[in-house]
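The structure comes next, followed by the details.

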Amino acid sequence: MIGAVTGLLYAMSLVVGVWVLLKLVLNKPVLLKNASDRALFWTISATEAVVLLQAVIGFVLMFTSDREIHRLTFGAYLVGLLLLLPIGTWWSLGDRSRGGTAVLLVAVVTLAAMVLRLSRIWAGYA
């Protein structure tokens, strides 16, 4: 995979993860009526855009590369990455409790873990 895009995803998930963790510790739900939460939403949207870029690059490389990777697993991780943040954000916006914010944090941490696993699959450690 493209190292710069992967590194950017790690950095963005770290920023969003710390931001959401702070909201969780302060017991503040994600509400789009707050300016800070709208900024968080746009940061999550930017992260999702980078995930989309990673998925496009991943699918192109998967079908054009001669690497020996497990294509089904690799493709499933790419699709899973695309679904994580939208589902976590939707859940968080719908559940105004600490649990909703915690779900968003789990989605962000899972995103970072799946990007790491995707890199390992691309390296041939499927």
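Are H3 and H4 roughly parallel or roughly antiparallel to each other? The model is predicted, so local features need pLDDT of at least 70 and side-chain atom pairs count only at pLDDT 80 or more, while totals for chains, interfaces and linings use all residues. Residues are numbered from 1 along each chain as its sequence is written, and side-chain values use heavy atoms, with hydrogens and water left out.

**Helix packing**

Two packed helices are described by the angle between their axes and the distance between the axes. Axes are lines fitted to C-alpha atoms, for helices over the stretch in contact, and angles run from 0 to 180 degrees between N-to-C directions. Helices (H or I, at least four residues) are DSSP runs, numbered from the N terminus.

H3 and H4 pack at an angle of about 165°, with their axes 9 Å apart. H3 and H4 are therefore roughly antiparallel (angles over 145 degrees). By class, the contact of H3 with H4 has 17 nonpolar, eight polar and one charged residues. Here Ala, Val, Leu, Ile, Met, Phe, Trp, Tyr, Cys and Pro count as nonpolar, Asp, Glu, Lys and Arg as charged, and the others, Gly among them, as polar.

Helix H2 (residues 35–64) also packs on H4: their axes come within 13 Å and cross at roughly 20°. That makes H2 roughly parallel to H4 (angles under 35 degrees). In this contact (heavy atoms within 4.5 Å), Ile44, Thr47, Val51, Gln54, Leu61 and Met62 of H2 meet Leu104, Leu111, Leu118 and Trp122 of H4. Those residues divide into eight nonpolar, two polar and no charged.

**Aromatic pairs**

The structure holds two aromatic pairs. Rings of Phe, Tyr and Trp (its six-membered ring) pair if their centres lie within 6.5 Å; planes under 30 degrees apart count as stacked, over 60 as edge-to-face and the rest as tilted.

| Pair | Centres apart | Planes at | Type |
|---|---|---|---|
| Phe41 and Trp42 | 5.8 Å | 75° | edge-to-face |
| Phe74 and Trp122 | 5.4 Å | 35° | tilted |

Buried means under 20% relative accessible area, exposed over 50%, and partly exposed in between (1.4 Å probe, protein chains only). Phe74 is buried at 0%, and Trp122 is buried at 9%. Phe41 is partly exposed at 28%, whereas Trp42 is exposed at 60%.

Technical notes
Helices (H or I, at least four residues) and strands (E, at least two) are DSSP runs, numbered from the N terminus. Angles under 35 degrees count as roughly parallel, over 145 as roughly antiparallel, 65 to 115 as roughly perpendicular and the rest as oblique.
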